[in-house]
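This briefing covers the pockets of one protein model and the residues that line them.

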Amino acid sequence: MRRVRYESAGGPLFLEEAPVSEPGPGELLVRCAAVGLTLPVVRKVAEAAEPVPLGGEVAGEVVAAGPGVSRFRPGDRVTGLCFGHGYADFAVVHEAMASPVPDDAGFVTAIALVRSGLVAYGALEAARFAPGESVLVTAAASGVGHLAVQLARARGAGRVVGAVSGAAKADFVRSLGADDCVRYDDGWGEPVDCVLDAVGGELLTPALAALAPHGRLVAYSSGGGTIQAYDLLVGAKSVTGFQMALIVRERPELYERWRRDLWRLHAEGVLKPAVHGEFALQDAEAAHRVITSRANLGKVVLRP
């Protein structure tokens, strides 16, 4: 099979031939029809001291199941998170990290909707959001952010604000139902009840400042950052970290309910995942450049 690899920090990425892996206990071997790129994986290429497997979101058909698998069998259509080599013709996915794809849905749609949608859904839940409240979403044009904007609107937000880096992204986010868009380097407007932050780093300070008294910020970024305790005390604000992997391990019933809700909202036309572009496997380097430049409007997808 073909897979994408690199040998030193920063790349370049290249294709190589490799044997197809055998699924181990509790694992599925998936023939990949679509692979979703994520910022954490792109960052690893630039920052990891040693090369790491390019994992990520994959969608396709199960071709083999390892010992102990009970929920899936060969021929099933699935999407899930691969922690090994995911930029490949075949990928190994643990059964717990996989979910079914409806027969009438495309694999690219599944990539754009499920994993990013689950993070957006979970972040909104972690914010203890209530209908009528105002929500600000950073990286609002990203794979997760553009779905978070739509989910906040669908769940009755009184005001939805997208925070973006440029005018083209602002137009895109407004088209999704945002009431307003702000630029990172400008004022962020009226305070909000909830901030869903996918950026972190230096942006944490203005994101926290954007909260109204008793507001809640949910951080789900891999970008890190530091918050001063005094900034929380002044307005009785709170910050919560959110990671989807913990939900999968500790609350699988929530994972399943959220997944069903995402597909229902999509079928009803309420949730419309956007795909910025589809790239061939051999063009993974170009796809990474789109993510690194933060130019994407929606999800970036590889097509093996």
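How much space lies in the second largest pocket? In this predicted model, the second largest pocket holds about 180 Å³ of space. About 1,200 Å³ lies in the largest pocket.

**Second largest pocket**
- Its lining includes Gly 10, Gly 11 and Leu 13, together with Leu 39, Val 42, Arg 43, Val 45 and Ala 46.
- Glu 285, His 288 and Thr 292 also belong to the lining of the second largest pocket.
- Two elements, H1 and helix H9 (284–292), each give two or more residues to this lining.
- H1 gives the most, with five residues.
- By class, the lining of the second largest pocket divides into five nonpolar, four polar and two charged residues.

**Largest pocket: volume and centre**
- The space in the largest pocket is about 1,200 Å³.
- The largest pocket is lined by 43 residues, and the closest to its centre are Thr 38, Leu 39, Pro 40, Tyr 220 and Ser 222.

**Largest pocket: elements and classes**
- The helices that give two or more residues to the lining of the largest pocket are H1 (39–47), H2 (107–126) and H7 (244–250).
- The strands that do so are S4 (56–65), S5 (77–82), S9 (159–164) and S15 (299–303).
- H1 gives the most to the lining of the largest pocket, with four residues.
- The lining of the largest pocket has 25 nonpolar, 12 polar and six charged residues.

Technical notes
Residues are numbered from 1 along each chain as its sequence is written. This is a predicted model: local features need pLDDT of at least 70, side-chain atom pairs count only at pLDDT 80 or more; totals for chains, interfaces and linings use all residues. Side-chain values use heavy atoms; hydrogens and water are left out. On a 1 Å grid over the protein atoms alone, a cavity is a set of points where a 1.4 Å probe fits but cannot get out, and a pocket is an open set with protein on both sides within 12 Å along at least five of seven lines; lining residues have an atom within 4 Å of a point. Grid points are joined across faces, edges and corners, and a volume is the space filled by probe spheres set on the points. Ala, Val, Leu, Ile, Met, Phe, Trp, Tyr, Cys and Pro count as nonpolar, Asp, Glu, Lys and Arg as charged, and the others, Gly among them, as polar.
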